[in-house]
Amino acid sequence: MQSASLKTVLPLTLAFALGTLLAPLRAEAFFGFGKKDAEGATSPPSGLQSPRLDDGRDASAEDPKLEARKTYNHGVELFRAAQMEANRNQPSLQKRLLKESLAEFKKAQRLDPAFVEPISNEGYAYLSMERYDQAIGAFQRALAIDDKHLNTLNGLATAYGLGGQAERAVATFDRLTTLSPGEPQYHFNKGSLLQKFGKADEAEAAYRQALRLDGKHQASLFNLASLYENRGENQKAVDFYQQAKAADIGSPVGLEALRRLERLRQATQTTTGGTR
């Protein structure tokens, strides 16, 4: 179980649009596993941790647990910086910052081996590097300490999915949504994975569950639209792209929804021979 004594300063913020190259003849879905923060940056889901120790006392600078938290927090900031560079299309700098964040997460583990967050976030760093086997190993080590750590289960399911282990990924997402049925992002993550593996009906059910929990969950609206577009149900696709656009028109997903709507409009005009 996640420790309530470690106060999370940042919200769950990890969100990547993975595998989203947009093919001209197919409506690709967004695949992500978290939320962006107000600055548009991303960081490992566990976020920053309070330097105050579990028993509430102010530790000395020499205390390894305090040093572990400081080291871990530095790793989080490096990870956030790496994702900002990814957004700026600076892959070489992103790679360097990811390696530096990984080193900090490993150092924090040496200082406090029972501190689960740096182990979990080691997995997310490997995930960002597309080193899926190493990500899986890190997530499994974190779960050996806390087998209900939600962010770790989320990362493990994602690593399984991106690594091609579909059945294990779905089973892990099923466990995650059972443990946390009220979090729409986890249902979206499960749906995007199912859509990635061609299980459209199951993906649709997962997106609709996310939307029952949050009717303006933009990524679910967008992926439902792409699912309907791929089926040739263009009116449903238009309806959901419009809702995705309205949810946040200035976001990357909102702007892509706008482009998809224009593409569908032009396709309809070509089919009918109509002009505007």
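At what angle do H4 and helix H5 pack, and how far apart are their axes? The legends below take up this pair and several other close-up views of a predicted model.

**Figure 1. Helix H4 packed against helix H5.** H4 and H5 (residues 150-162) pack at an angle of about 155°, and their axes lie 9 Å apart. Angles over 145 degrees count as roughly antiparallel, and H4 and H5 are therefore roughly antiparallel to each other. Their crossing is left-handed. On the H4 side, the residues that meet H5 are Tyr132, Ala135, Ile136, Phe139, Gln140, Ala142 and Leu143. On the H5 side, they are Thr152, Leu153, Gly155, Leu156, Ala159, Tyr160 and Leu162.

**Figure 2. Thr172 in helix H6.** Helix H6 covers residues 166-179, and Thr172 is part of it. Is Thr172 buried or exposed? Thr172 has a relative accessibility of 11% and counts as buried, because buried means under 20%. Leaving aside neighbours within four places in sequence, Thr172 is in contact with Leu153, Leu156, Ala157 and Tyr160. Among these, Tyr160 is 12 residues from Thr172 in sequence, and the two C-alpha atoms are 8.7 Å apart in space. Leu153, Leu156 and Tyr160 are also among the H5 residues that meet H4.

**Figure 3. Ser101 in helix H2.** Ser101 belongs to helix H2, which spans residues 91-111. With a relative accessibility of 0%, Ser101 counts as buried. The side chain of Ser101 reaches the backbone oxygen of Leu98 at 2.8 Å. Setting aside neighbours within four places in sequence, Ser101 is in contact with Gly75, Leu78, Phe79 and Ala125.

**Figure 4. Asn89 in the loop between helix H1 and H2.** Helix H1 covers residues 64-87, and Asn89 sits in the loop between H1 and H2. Most residues other than glycine have a negative phi. Asn89 is not glycine, yet its phi is positive, near 60°. Asn89 has a relative accessible area of 61% and is exposed, because exposed means over 50%.

**Figure 5. Glu130 in the loop between helix H3 and helix H4.** Helix H3 covers residues 116-128 and helix H4 covers residues 132-145, with Glu130 in the loop between them. At 58% relative accessibility, Glu130 counts as exposed.

**Figure 6. Helix H7 packed against helix H8.** Helix H7 (residues 184-196) and helix H8 (residues 200-213) pack at an angle of about 165°, and their axes are 8 Å apart. That makes H7 roughly antiparallel to H8. H7 passes H8 in a left-handed crossing. H7 makes the contact through Pro184, His187, Phe188, Lys190, Gly191, Ser192, Leu194 and Gln195. H8 makes it through Glu202, Ala203, Ala206, Tyr207, Gln209, Ala210 and Leu213.

**Figure 7. The chain from which the close-ups are taken.** The secondary structure of the chain comes to 11 helices and 0 strands. Buried residues make up 50% of the 276 residues. Of the contacts with a separation of 6 or more, 58% are between residues 24 or more positions apart. The chain exposes about 13,300 Å², and carbon and sulfur atoms supply 52% of it.

Terms used: Residues are numbered from 1 along each chain as its sequence is written. This is a predicted model: local features need pLDDT of at least 70, side-chain atom pairs count only at pLDDT 80 or more; totals for chains, interfaces and linings use all residues. Side-chain values use heavy atoms; hydrogens and water are left out. Helices (H or I, at least four residues) and strands (E, at least two) are DSSP runs, numbered from the N terminus. Buried means under 20% relative accessible area, exposed over 50%, partly exposed in between (1.4 Å probe, protein chains only). Contact means heavy atoms within 4.5 Å. A polar contact is a pair of N or O atoms within 3.5 Å; within protein, one must be able to donate a hydrogen and the other to accept it, and residues adjacent in sequence count only if both atoms are side-chain atoms. Accessible areas come from the Shrake-Rupley method with a 1.4 Å probe; for residues, only the protein chains shown count as cover. Axes are lines fitted to C-alpha atoms, for helices over the stretch in contact, and angles run from 0 to 180 degrees between N-to-C directions. Angles under 35 degrees count as roughly parallel, over 145 as roughly antiparallel, 65 to 115 as roughly perpendicular and the rest as oblique. A crossing is left-handed if the near helix is turned anticlockwise from the far one by less than a right angle, and right-handed if clockwise.
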